[in-house]
Amino acid sequence: MGNDLREKKVSIWNKDFICVMIANTFLAASHNAVNPLVSSYATMLGAGAQLMGFLTGMFFGVSLAMRPFAGPVTTRFDNRWLMIFVYALGGIVNIGYAFFHNITAFIIFRVFHGIQYSLIGSLCFTIAGNSLPKEKMASGLGVFGVGSAIATAIAPSIGIALRNLGTQLRGEDFGYTLVFLFGACILLLAIIPSFLLSPQKRDLTNAGKWYTQIATKHALGPTVVIFLLITAYSLFSVYMVPFGEENGMGDVGRFFTVLALVMLLTRPLSGPLTDKLGLRKVLLPAILIFASSFIITGSAQTKAIIFLGAVIAAIGYGAANPAVQSMCVQCETPARRAVASNTLYIGIDLGYFIGPIIGGYVKEYATYRQVITVGYIPALMGAAAFLIFYGSYRRRQEYLNSIL
């Protein structure tokens with residue numbers, strides 16, 4: 001009997017989950033090396049505060065505009081070949097950033113970057129969700145985020161170090177060239193685990209019209225919540241470097257290191273905690289903790305308080321994000337998880353697009369200190385949105401449990 005129990009033990013670890021986790025880690029490494037420096041890069045190119053905010057969030061706006069195409073494409077095509085294509089496109093875009101240093105070229109490559117991003121996030125998320133057993137969904141998605149947390153810990157400091165090294169060697173332009181080439185190399189490496197994914201046979205018998213694969217109303221709740229949380233989080237990811245420079249704190253790249261290292265603990269722990277205690281008991285406190293981190297960080301006068309803010313943010317966001325993701329995956333049938341993922345990423349794209357623009361407008365009339373502090377408002381709105389949608393989510397869960 002003991003042997004039977006061991007044989008029936010459910011595990012999250014399989015080839016596809018491991019491969020997509022590695023590829024997603026490379027994506028996070030490229031993104032987190034490049035993105036914290038985009039606002040500074042735009043300023044170097046001569047952009048004002050509002051244009052800088054727009055350029056920073058632009059590729060998320062393009063990604064949002066591409067969602068009507070991304071959902072049907074993810075549903076209808078072999079996800080392995082899509083992964084290979086979008087990682088290759090991301091590498092090409094970063095090579096373009098590296099060698100064409102003017103605002104016109106930056107806008108053009110930002111558009112292509114947005115097209116790439118419209119596919120890659122929901123694609124990785126869908127493959128990960130489909131490779132996980134139902135009873136381990138929250139736990140598996142928590143572990144799935146560990147790789148990106150490691151990349152987030154290391155990549156911003158690598159990006160800043162490469163910029164500083166290149167600036168010392170041949171000037172600021174060359175510094176950013178090194179950063180973008182690093183981003184390109186990492187994305188091209190991600191083609192290897194993407195190629196190792198299992199081929200997929202698409203059964204389109206019950207797929208329906210293409211427009212039914214763009215979004216699902218059942219994922220509206222988690223989408224609104226993630227939109228508000230990402231709007232807040234984007235202020236950290238985009239404006240912490242200029243915040244440190246404005247306040248005479250120099251290189252605050254270790255903020256992202258501390259943030260990511262603490263997430264290494266909170267992400268894998270939050271999944272089992274959500275599976276055990278339930279969504280409501282984990283998500284609400286996590287969002288409130290996350291909201292407080294903006295007040296702490298925005299009022300910081302020393303690096304020590306900034307790092308404390310990073311710890312608080314990691315505890316809150318690291319627990320909230322996998323909980324919202326599992327909420328999204330479990331609100332649809334397995335056949336329509338790609339549609340649910342696409343819906344969720346509409347909220348993510350919109351948050352990353354709107355957040356930097358809000359930050360740019362705040363900076364126009366205030367300082368980066370106020371840009372960071374204002375993040376607590378959308379975070380608290382996320383908690384309110386969860387309470388509003390929680391009832392409909394529970395009813396949807398009861399229905400799916402009755403038919404699956």
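Biologist: Where does G248 lie in this model?
Modeller: G248 sits in the loop that runs between helix 10 and helix 11, the latter covering residues 254-277, and please keep in mind that we are looking at a predicted model.

Biologist: Is G248 buried or exposed there?
Modeller: G248 is exposed, because its relative accessible area comes out at 65%, and exposed is the word used for values over 50%.

Biologist: And how far apart are G248 and F109?
Modeller: Counted along the sequence, G248 and F109 are 139 residues apart, and in space their C-alpha atoms are 33 Å apart.

Biologist: OK, switching to Y352, which helix is that in?
Modeller: Y352 belongs to helix 14, which takes in residues 337-365.

Biologist: Buried or exposed?
Modeller: Y352 counts as buried, because its relative accessibility is 10% and buried means under 20%.

Biologist: What does Y352 touch, leaving out residues up to four places away in sequence?
Modeller: With those left out, Y352 touches G57, F60, Y117, I230, Y233, S234 and S237. As for T56, its C-alpha is 9.0 Å from that of Y352, although the two residues are 296 apart in sequence.

Biologist: How do helix 10 and helix 14 pack?
Modeller: Helix 10, residues 220-246, packs with helix 14 at an angle of about 40°, and their axes are 7 Å apart. That angle makes helix 10 oblique to helix 14, and the crossing of the two helices is right-handed.

Biologist: What kinds of residues make up that contact?
Modeller: The residues in the contact of helix 10 with helix 14 divide into 15 nonpolar, 10 polar and 2 charged.

Biologist: What about R163, where is it, and is it buried or exposed?
Modeller: R163 is part of helix 7, residues 137-170, and R163 is buried, with a relative accessible area of 12%. Setting aside residues up to four places away in sequence, R163 touches L37, S40, G175, Y176, V179 and E245.

Definitions and conventions:
Residues numbered from 1 in each chain as written. Predicted model: local features only at pLDDT ≥ 70, side-chain atom pairs only at ≥ 80, totals over all residues. Heavy atoms only, no water. Helix = DSSP H or I, 4+ residues; strand = E, 2+ residues; numbered from the N terminus. Buried < 20%, exposed > 50% of the residue type's maximum accessible area, 1.4 Å probe, protein only. Contact = heavy atoms within 4.5 Å. Axes fitted to C-alpha atoms, helices over the stretch in contact; angles between N-to-C directions. Parallel < 35°, antiparallel > 145°, perpendicular 65-115°, else oblique. Left-handed = near helix turned anticlockwise from the far one by under 90°. Nonpolar A, V, L, I, M, F, W, Y, C, P; charged D, E, K, R; others polar.
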